[in-house]
Amino acid sequence: MTQRPLLEIKGIAKSFGGVVAVADCTMSIHEGTVVGLIGPNGAGKSSVIDLVSGFERPDRGSVIFDGVELIGKRPDQISRLGLIRTFQTPREWRDMSVIDNVRVGRSELEREGVWRSLVSAGRHHDLERRETEEVRALMTHYRLDEVRNHRAVGLSGGQKRLLEFARIAAAKPRLTILDEPMGGVNPVLGERIGEAIRELKRAGSTVVVVEHNLPFIEKTCDEVVVMDLGTVIAQGPFSELRDNKRVVDAYLGNDDE
Amino acid sequence: MLQYWTAILTEATIFGILALGIDMIWGWAGDFDLSAYAYFALGVYMTMVLTIGKPTSPVEYILGYRLPYLFAVAIAVVVVVCFASIIGAIALRSLREVYFSITTLGAVWAIYYLVENFTPLFNGYNGVYGLFDPMGGGLSYAAYHYFFFAGCLLVLFAVYLVVQRLSRSPFGRMVRAVRDDERAASVYGRNVFWAKYRTYLFGAGLAGLSGGLFAAYIGAFNPLDWKPTEIFVLYAAILVGGRGNPRGVIAGSFIVYVGFVEMTRYIPSPAARPELGPALRQILIGLLIILMLKFRPSGIFPERLGTDGTEPKRSFRTLFRRPTRDSDPDPLMDEDSISETVPQ
């Protein structure tokens, strides 16, 4: 590909005390693709996500998102550039209603000032009604319609996963990083999540998926990055990696452990 | 008797404003702040030293102006907010939960002992006193108290309207998202510190405002009037009324101040043990907190969920029903297609 990658990770490294989590990681993610990030436990996948999204600061290296250096920025600043990540367990805003979870996801940043909230609250009635309609459409789409006015903490694990996708869809990010979206999910819901990822792509978001479920990765992703011991050991279409000896040794060969 | 009740209700009204401020910090932003009483006290002291004029020896305090009452209250609120901006910046930068509480507790005691021992500030433990009339004179003693009560009610109502509007605005939603999960809020572009800090300053400002009103109500103020531990009475009020629900917080303030703090004054103390009555009051308030947490943790008026307006209207009877809480299974959970998530 000749176009500039949307996300460029160049030689980042991170150690926690004596433990090297990420040794020297370099990879490029191109716009409009769904990329799987795989590797055995402890390979450094989640650490890379933390470094990219600003929750940890790398010891060295750089991360360029659409021409902007992300290192040194706070997570909220990175998010406002159009990058949204998830965590291994769903992190809903528990004591808010399901519909408010999605409303906050659908960025209201420009209207969140104390003064604007106080003075011009009444002027946004039309806007709020339109937004509520949009949010309700998302609720229906992610099968959360019946629980939309309930407290988010009461949702089942699977519904929380779907809420996460509804929130991301509302936020319309340019890059979505999903950390194990299939964790604890049954096959039927797994299908729905695969579909949700394809929908994100159709809506214009580039997606990075960290996952252990290889059939899911094969079905969902255009490209796969394999990590082991804190570095990237291979990158390419899933079918090519099947025969890569390093990958087989590091990960696929131990698939049945 | 009427005057007695007016005095008690005035007090409950003033503490209602303070409780609304504390509820913003704790109920909305989730920070269990223990220094709010210092902001309240600073509001009282500042209003007094700005209105009662020069001190006469041996009394000493700073400033000693004779400004119009409302102007003095406005300055007091500004001073309190400036002061809270320092404590808030230290406590909220990276401390959360119990560490935040400990820091604010340290702050309030430091201020308490400073005020008590450094007499040039607010006359030490003898305190500040002086007569001033917010209504500018011309009213009889009784009429003045009724008017002052009406004024306090008006301020409480105005504060309620502002707080209620904020509570349901995008700002209120954002602050609650930060409360429920900071990491998720920052992933969706919210600056966690800034959200909590603004809420903290707003709450401190309300504490200062209630102090300004209390100054006119009490007319004399010394460290015995504001033991920092008294804040737990306000937390009891918030718990009883409903954390995060402005209407509930006001109801809780009236219930606790009228029902508990004042009613328990009638508990007879044997002549030999005059401390029994006040001690029983503390015990009763402690018991109230425990019982509320056990049987109705979200209060009489639980925090309102943001909805799309299509939910069935709450009837009066639901007030007396135990609200469904976290542990209750959701009848709409679709067990066939959705499994439980196992945390990794």
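Start by selecting A:Gly36 and then A:Val209, its bridge partner in strand 8 of chain A. Now click on A:Val224, the bridge partner of A:Gly36 in strand 9 of chain A. Strands here are DSSP runs of E with at least two residues, helices are runs of H or I with at least four, and both are numbered from the N terminus.

A quick note before moving on: this is a predicted model, where local features need pLDDT of at least 70, side-chain atom pairs count only at pLDDT 80 or more, and totals for chains, interfaces and linings use all residues. Residues are numbered from 1 along each chain as its sequence is written, while chains are lettered from A and ligands numbered from 1 in the order in which they are written.

**Strand 3 of chain A**

Select residues 34-38 of chain A, which make up strand 3. Four bridges join strand 3 to strand 8 (residues 206-210), and these two run parallel. Four bridges also join strand 3 to strand 9 (residues 223-228), again in parallel. Strands count as paired if DSSP finds at least two bridges between them.

Are the residues of strand 3 of chain A buried or exposed? Five of its five residues are buried. (Buried means 20 or more other C-beta atoms within 10 Å of the residue's own, exposed means 12 or fewer, and partly exposed is in between, with C-beta atoms placed from the backbone.) Look at the directions, too: A:Val34, A:Gly36 and A:Ile38 point one way, and A:Val35 and A:Leu37 point the other way.

**Back to A:Val209**

Leaving aside neighbours within four places in sequence, A:Val209 has contacts that include A:Val34, A:Leu178, A:Ile197 and A:Cys221. A contact means that the two C-beta atoms, placed from the backbone, lie within 7 Å.

A:Val209 also belongs to the largest nonpolar core, which has 161 residues. Such a core is a set of buried Ala, Val, Leu, Ile, Met, Phe, Trp, Tyr and Cys residues joined through C-beta atoms within 7 Å. Among the residues touching the most other members are A:Val209, A:Ala166 and B:Tyr45. Helix 2 (residues 36-51) of chain B gives the most to this core, with 13 residues.

**Where the chains meet**

Show both chains: 55 residues of chain A are in contact with 40 residues of chain B. On the chain A side, helix 6 gives the most, with six residues.

**Over to chain B**

Chain B has 12 helices and two strands. Of its 344 residues, 43% count as buried.

Select residues 246-262 of chain B, which form helix 11.

**Last stop: A:Asp59**

Return to chain A and find A:Asp59, in the loop between helix 1 (45-52) and strand 4 (60-65). Why does A:Asp59 count as partly exposed? Because it has 13 C-beta neighbours inside 10 Å. Not counting residues up to four places away in sequence, A:Asp59 touches A:Ala13, A:Lys14 and A:Ser15. Finally, select A:Arg85, which is 26 residues from A:Asp59 in sequence and 21 Å away in space, C-alpha to C-alpha.

Note on methods. Expected span 1.5 Å × (residues − 1).
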